[in-house]
Amino acid sequence: MRIVVIGGSGNAGSAIVRALARRGADVHPMSRSGKAIAGASGVQADIVSGDGLDQALAGAEVIVDAVNSRNPIDPKPFTIGARNVVSAAERAGVQRAVLLSILGVDRSKLSYHRRKHEQELTYLDAPLEVAVVRAAQFHEWSVDQFEAGSALGAIPVVLGGRMQPVAVSEVADLCADEALEPSGKRFIEIAGPQVRLSRELAKSWQAATGARGLIVNGPFPPSLLDYLRSGANFTEQHRGRVTFEEWLARRR
């Protein structure tokens, strides 16, 4: 069974490629560069322009879409890109799709989340068997914010924000399982083992890294603040085992 992982060179995509390769799957990461990942030969395509999509998906029975947008205000990978992928998948005779998404995008007013929800709907309206894996924020999400702020002497946290951060490797394992042995569910949710305040995560990161800087309430948009205070990013359906502190220790 040939599986193509769209966005296969990214953080989540490459983890999914590795998870599938460990299971012995015939997996191929798709990206604009077409580079190989963990010994899996890559295929080259651009989902926004559509260039190379038909060739990249030829012979695939399953696709896993782990596309992310490097520019959070650029919706095209989730709008035009999703429509192009679905159309090419239909032409190629793809049977099933697994889409990696985010917990609570259907309830969030954040523009990025609204585009992700639009991507979900594009897949769910397609003539494919679709499973949407909604994940909580990866451990990296908070650390990216902390590192950027620390360089300026201030470590930004979300005032009142709570997260249930999860290891990308555990999300990748769930996506790989859905690709190979589908549960039959349209939505599958996963988050980490603990619900944590943003400020707690910042303190743990600072203690683990020795980074300097004052922990401050960050200038996040109101829609993100509302989302991270709402609990929409929590789930009990699937809970990972790797805590934030354990992930930090492994990262050293």
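**Entry 1**

I began with Phe 78, which counts as buried at 1% relative accessibility; buried means under 20% relative accessible area, exposed over 50%, and partly exposed in between, with a 1.4 Å probe and protein chains only. I note that this is a predicted model, in which local features need pLDDT of at least 70 and side-chain atom pairs count only at pLDDT 80 or more, while totals for chains, interfaces and linings use all residues. Residues are numbered from 1 along each chain as its sequence is written, and side-chain values use heavy atoms, with hydrogens and water left out.

I then looked up aromatic pairs. Rings of Phe, Tyr and Trp (its six-membered ring) pair if their centres lie within 6.5 Å; planes under 30 degrees apart count as stacked, over 60 as edge-to-face and the rest as tilted. By this rule I found 3 aromatic pairs. One of them joins Phe 78 and Tyr 112 edge-to-face, at 5.4 Å centre to centre and 85° between the planes. This pair links distant parts of the chain, 34 residues apart: Phe 78 is in the loop between strand E4 (62-65) and helix H3 (80-92), and Tyr 112 is in helix H4. For these element names, helices (H or I, at least four residues) and strands (E, at least two) are DSSP runs, numbered from the N terminus. Tyr 112 is also buried, with a relative accessible area of 19%.

**Entry 2. A stacked pair**

I looked next at Phe 244 and Trp 247. Their ring centres are 6.2 Å apart and their planes stand at 25°, so this pair is stacked. Both residues belong to helix H9 (residues 244-251), where they are 3 residues apart, about one turn of the helix. Phe 244 is buried at 2% relative accessible area, and Trp 247 is buried at 12%.

**Entry 3. Gln 119**

Is Gln 119 buried or exposed? I found a relative accessibility of 0%, so Gln 119 counts as buried. Gln 119 lies in helix H4. Not counting residues up to four places away in sequence, Gln 119 touches Asp 65, Phe 78, Ala 82 and Leu 99; contact means heavy atoms within 4.5 Å.

**Entry 4. The largest nonpolar core**

A nonpolar core is a set of buried Ala, Val, Leu, Ile, Met, Phe, Trp, Tyr and Cys residues joined through side-chain atoms within 4.5 Å. The largest one here has 87 residues, of which Ile 6, Ile 16, Leu 20, Met 30, Ile 63, Leu 100 and Tyr 123 touch the most other members. Helix H6 (residues 168-180) gives the largest share of this core, 7 residues. For Ile 63, I set aside neighbours within four places in sequence; the contacts include Val 4, Ile 6, Leu 57, Val 85 and Tyr 123.

**Entry 5. The largest pocket**

I looked up the largest pocket, which has a volume of about 1600 Å³. On a 1 Å grid over the protein atoms alone, a cavity is a set of points where a 1.4 Å probe fits but cannot get out, whereas a pocket is an open set with protein on both sides within 12 Å along at least five of seven lines; lining residues have an atom within 4 Å of a point. Grid points are joined across faces, edges and corners, and a volume is the space filled by probe spheres set on the points.

Which of the 49 lining residues are the closest to the centre of this pocket? I noted Val 67, Asn 68, Ser 69, Arg 70 and Tyr 112. Among the elements that give two or more residues to the lining are helix H1 (11-22), strand E2 (26-31) and helix H4 (111-124). The lining divides into 25 nonpolar, 15 polar and 9 charged residues. Here Ala, Val, Leu, Ile, Met, Phe, Trp, Tyr, Cys and Pro count as nonpolar, Asp, Glu, Lys and Arg as charged, and the others, Gly among them, as polar.

**Entry 6. Loop residues**

I checked Phe 220, in the loop between strand E11 (214-217) and H8. Phe 220 is buried at 15% relative accessible area. Its contacts beyond four places in sequence are Gln 145, Pro 156, Val 157, Val 158 and Leu 225.

Glu 181, in the loop between H6 and strand E9 (187-190), counts as exposed at 65% relative accessibility.
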